[in-house]
Amino acid sequence: MKVLDKPHLDLTTPLGRGFLAFLSAMAEDERQRIVKRASAGRKAARERGACFGRKPTLSAEQQADARRRLAGGESARSLGRIYRVSHTTIARLGPTG
């Protein structure tokens, strides 16, 4: 493979392939550094008390009430209509959480 506007990047020669391998190794090293920094940032945020993910659709009181009503025999579909959420949201709560 040849880069037409940059003849010094001729990838058909051993020197060109070596240059490409070097660039590939540098990119891989940088990617590993990015992953490490992102992981450290998430860990630090967790230690500061940050919450990840989507906020709960139902409040803690609504969840407790829905669990109680599920345990009492009401269907997840009917509770979903009452709380205006999907029945799967209710079913995921389970009778005991």
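Arg 68 is exposed, with a relative accessible area of 55%; here exposed means over 50%, buried under 20% and partly exposed in between, using a 1.4 Å probe and protein chains only. This is a predicted model in which local features need pLDDT of at least 70 and side-chain atom pairs count only at pLDDT 80 or more, while totals for chains, interfaces and linings use all residues. Residues are numbered from 1 along each chain as its sequence is written, and side-chain values use heavy atoms, with hydrogens and water left out.

**Salt bridges**

Let us stay with Arg 68 for a moment. Its side chain meets that of Asp 65 in a salt bridge, a term for a side-chain nitrogen of Lys or Arg within 4 Å of a carboxyl oxygen of Asp or Glu. Both residues lie in helix 2, three residues apart, about one turn of the helix. Helices are DSSP runs (H or I, at least four residues), numbered from the N terminus. Asp 65 is partly exposed at 22% relative accessibility. A network of salt bridges links Asp 65, Arg 68, Arg 69 and Glu 74, and Glu 74 is partly exposed at 31%. The structure holds five salt bridges, including these:

| Pair | N to O distance |
|---|---|
| Arg 68 and Asp 65 | 2.3 Å |
| Arg 69 and Glu 74 | 2.8 Å |
| Glu 30 and Arg 37 | 3.5 Å |

Gln 63, Ala 66 and Leu 70 are the buried residues of helix 2. They sit on the same side of the helix because they cover an arc of only 65 degrees around the axis, taken from the directions from the helix axis to the C-beta atoms. The face turned away from this buried side carries the exposed residues Ala 60, Glu 61, Arg 68 and Ala 71. On the buried side, the packing partners are helix 3 (76-83) and helix 4 (87-93). Just after helix 2, Gly 73 takes a positive phi of about 110 degrees.

**The core**

Ala 66 and Leu 70 also belong to the largest nonpolar core, which has nine residues. Such a core is a set of buried Ala, Val, Leu, Ile, Met, Phe, Trp, Tyr and Cys residues joined through side-chain atoms within 4.5 Å.

Terms used. Helices (H or I, at least four residues) and strands (E, at least two) are DSSP runs, numbered from the N terminus. Contact means heavy atoms within 4.5 Å.
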